[in-house]
Amino acid sequence: MTERFVAFDGVTKTFAGGVHAVRDLNLDIARGEFVTFLGPSGSGKTTSLMMLAGFETPTAGSILLDGRSLDRLPPYHRGIGMVFQSYALFPHMTVAENIAFPLTVRRRPRAEIEDAVRQALDLVQLTAMGGRRPAQLSGGQQQRVALARALVFKPPLVLMDEPLGALDRQLREHMQIEIKHIHARLGVTLVYVTHDQGEALTMSDRIAIFRDGSLQQVGLPGEVYERPLTSFVAQFVGESNQFAGTLRDVTGLVELDGGWRMPATIVHPLAIGARTTVSVRPERIRLSRDDGAAGAVQELIYHGDHLRVVVRTDHGHAVFAKLLAGAVPAWVRDGAAIRVSWDAADARALDALPNHTTEEKLQ
Amino acid sequence: MRQPMSRFLRPRFSAWLLVLPLFLFSAATFVVPIVMMLARSVQDPELSRAFPQTAAALALWDGRDLPPASSIDTFIAELRDARGTEGLSFAANRLNSEISGFRSMLLRTARSLPRDRQDDPVAALARIDARWGERSTWAAMRRASGPFTDGFLLAALDRQRNDDGAVVRVAEERAVFVTVLLRTLWISTLVTVFCLLLGYPVAYLLASMPGRIANPLLVLVLIPFWTSVLVRTTAWVVLLQRDGMVNGLLQRLGLIEQPLTLIYNRTGVLIAMVHVLLPLMVLPLYSVMKGIGRAPMLAAMSLGARPFEAFLRVYLPQSVAGIGAGCLLVFISALGYYVTPELAGGGGDQMISYFIAFYTNRTTNWGLAGALSLILLVVTGLLYVAYARLSRGPRAPA
Amino acid sequence: MIWSLAKRALTVLALGALLAPGDAAARDLTVVGWGGSSQAAQRRVYYEPFTAQTRVPIQEDSWSGGLGVLRTRVQAGNVTWDVVQVEADELQIGCDEGLYERIDWAAMGGRDSFMREAVSDCGVGAVAWSVGLAYDGARLREGPTSWADFWNLQRFPGQRTLRRGPKYTLEIALMSDGVPASEVYNLLRTPAGVDRAFRRLDQIKPNIVWWTAGAQPGQLLASGEVVMAAAYTSRMFAARRDDNRDLRVVWNGSIFAVDHWVVLRGSSNRDNAMRFIQFATRPENQSRFPALSFQGVTNLQAALPSDAGVAASLPTQPDNLRVAMPLDVEFWVDNIEELTQRFNAWAAR
């Protein structure tokens, strides 16, 4: 990225008691970009967002917005719109009053406020709801009000902290698209926090994946999914088979625990004899009757559009494959003898998962 | 036929049975005594019970001069029969609250009644006590002849009926209840305001702390709540007295030269009552604030409001329900306070409950005690209705 | 089904009602005093020896007076108190109202064995106490000698404490104004007398701290908050003994009264209650009481304490009695309501 609209420069946050919430975060965000902070709870993604919003102060490093340091700027002077997980609507105000709030604290003329509120209501398709109170709205409608309120004063940057967490799946997917459209329409820069990898893949321009306070990988959704740099990313984004093993030669031949030898792509420099974790997406597993490691179908799970097949190899590994519903050969039957293989390009030899022993895998 | 019927009814019936003990308990210990006490404020049975015919005769008397001799004869006969009975004592007590001294006059008269019928009954009574020859004595008896009276309610408002039956103010030096009622309302208001000023920041602090810190602190707030009012008040007396710790500290710090009078006056009453009632303010505020959480303040600030404006426009309005509940709890509790003003106050700091207790226990003038209670209850009820109106008003859908 | 349930519930209720009086019958003899050091003394010289001698256990309770309390108990038919120590006004009204059992004076040793104030149809005098002028000898080298000195703000600057209420206070005000003790109540029975008492109180009103509990005057004297007090004399002598304080009492113009033992009407322990009163008013038992409590006793045959210091501290000591004024119970029964109202109206001004 050439343009640094938002920049985290070596940002570290340590809480009382020495807990490292965020370690040495370096991240640039371009103007107009939609960046998602993805990670499990406690990974530091929300703390990073709160530092950007001004509700937490970095212990070290600094954050820049549009070239200006935010270090000494209180949240109410940052001009950043924010949507909270709980919506944080003001229950004693009407919807219109809620949306007008950022403009009234800025002492804008009345006519301008009314205009802006009407436009914001139109934007989120709540035109007729201005006179209601938040409690009279559904969860999805409340979410739209929170969105409108964060956008109405035309902030250059909008932060969203798990804004769809409380909605049911269908509504959530609908809102994902809608937020994406609004982002596209307004061209605003958007930083979005979620622990839902599907949401991250659907909406973002780029995804930043956090774990234990450290940034694991930043990249386009396709990059992150297809070319994870760590076994954690491989596991957290999408689904993957992960096998512990030892690298046997420079071409990437890995001897998996249990004696199964398979090819893989070496991602990071790795010494011969080093421990590694081989990660393979289930849709890249090849099943056949004559090629690969021998095993038997242990379980078939029907998912409508696809079928999940669990194969127990003779080496003792459980391998999980996804087959498109229309493309399931007749010989994939419960208990049938079957062989498993993959292309070296589809298997990534990543860092060893220390806590992910073969014994566990074999259970 | 039987089976579905009983299956349909049984759960409801046994549910009723489950609440029945509580219902009976609160009816027997709470509702019934209160209703009986309030009913006393208009009942006036003593005289008509002790002297039924006299009471009936006096009701017919036009109130001018003296009652006819026949009525007085009836009275003498009934008084003679009442000698040594409890009814006489109750009637004497009742009349004593009309005219001080009536009790001993009536009992002495009963003891000294002439044996046989007199030609001039008034003169015979007046020989025992000259006051029997006065119209006001008989007017007092007529006022007390029952079975119902407005006398107690009037007395509770510093009013009385004069000998002609007109409502007039009582003598200036006896007029005390209106002052006391206003004083009760005023002290309660001050206590409520101070509790709010002190309790709001405390509750805010508690609500914004994480649970592991807030919970022990909340216990500290509650400890005084669990301590007896008497103990807490006595502790304040010790702290606030002339050579108590507070004065000692202020003097050592050089803030004052002469010890301040902090106890046995209004200051002492306010300090002790605010302390005693503070938990009643903090707890509802805390629970409402806990429900508000941090998010609205953060949201308001992220939208550009400075902390003070965010507090005024966003936090304060959301905590109004807690303020209302806390103020109502403190105010209504304060209205009934008795022990604290008694121990920490001076001559001019007694509240209405002091008089209710005085008339209930000391002089057993339960009519006046009931009337004062009724007035207190009505004032409390009106305030509650006003609160309910106010707190509902702005929430009504536009 | 419904009916059987209802019947069962009624049976339980009825059983409860049957059981309740059974409980009451098994109740110990309950004696109710005024708590504090006085009841502690009673425990040692009356309660414990009585139980030791008769094997009748005693349940103790304490109260702080109020006829309404007794009336409620008797009227509710729930008499769980048997013997109660009452003040003279409670004795008189309660007796008229039939709240107490009648005393069989022959069993008590005859009316003539007791001082006049101790004898009535419904009660036997238990203790004689008084309210007198008290001060701290350590603070006042030349102490006051009369109520007139209590009003002398020049010679004795500082606060003084009186009981909050008209009782004792109005009498003291008139005595301080030169009214002889024998004339006090005659004067108070006239409106002019009451006015005069309140006018007299006006003169020191800013210098009065009001007490409500009997323990307060001693504390106020100890802390130096007041220089003089109208106080229960027994409390002063107890503080002298226990806390080594030089509290002194001026007997001149002290107000003297008697508390009585009564048995509540309907007591299920009536006979034992009467036995207790008889025991607690016998001369040999009463004579052990004053040395502990600094209060007088009522049986004329009870020997005065051999300790001259204790004897001099008793309201019943002849020299003290001579200069004291008996409380006029009838006056206060007649006038307590009106004068309390008036007192409070005055105090608030």
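How many Å separate the centres of domain 1 and domain 2 of chain A? The answer is 39 Å, taken over C-alpha atoms. The legends below cover this predicted model.

**View 1. Chain A is assigned two domains.** Domain 1 runs over residues 6-226. Domain 2 takes in residues 239-362. Their centres, taken over C-alpha atoms, lie 39 Å apart.

**View 2. An annotated stretch of chain A spans residues 6-237.** The label comes from UniProt, in an unreviewed entry, and reads "domain: ABC transporter".

**View 3. Chain B meets chain A.** On the chain B side, 15 residues are in contact with 19 residues of chain A. Two helices of chain B each give two or more residues to this side: H15 (295-302) and H16 (307-318). H15(B) supplies the largest share, 6 residues. By class, the chain B side holds 10 nonpolar, 3 polar and 2 charged residues.

**View 4. Helix H15 of chain B is mostly covered.** Of its 8 residues, 7 are buried. They are B:Pro296, B:Met297, B:Leu298, B:Ala299, B:Ala300, B:Met301 and B:Ser302. The cover includes elements from two chains. Chain A brings helix H1 (45-53) and strand S6 (80-83). Chain B brings helix H14 (266-292) and H16. After H15(B) comes B:Gly304, with a positive phi near 110°.

**View 5. Chain B meets chain C.** This contact takes 36 residues from chain B and 35 from chain C. Five helices of chain B give two or more residues each to the side that touches chain C. They are listed here in chain order:

- H1 (2-40)
- H5 (86-96)
- H6 (102-112)
- H18 (339-344)
- H19 (352-362)

H1(B) gives the most, with 5 residues. The chain B side here divides into 9 nonpolar, 18 polar and 9 charged residues.

**View 6. The two sides of chain B, shown together.** The side that touches chain A has 10 nonpolar residues, with 3 polar and 2 charged. The side that touches chain C has 18 polar residues, with 9 nonpolar and 9 charged. H15(B) gives 6 residues to the side that touches chain A. H1(B) gives 5 residues to the side that touches chain C.

Key. Residues numbered from 1 in each chain as written. Chains lettered and ligands numbered in written order. Predicted model: local features only at pLDDT ≥ 70, side-chain atom pairs only at ≥ 80, totals over all residues. Domains from an automatic or database assignment. Contact = placed C-beta atoms within 7 Å. Helix = DSSP H or I, 4+ residues; strand = E, 2+ residues; numbered from the N terminus. Nonpolar A, V, L, I, M, F, W, Y, C, P; charged D, E, K, R; others polar. UniProt positions renumbered as here; feature names shortened; annotations may be inferred. Buried ≥ 20, exposed ≤ 12 C-beta atoms within 10 Å, placed from the backbone.
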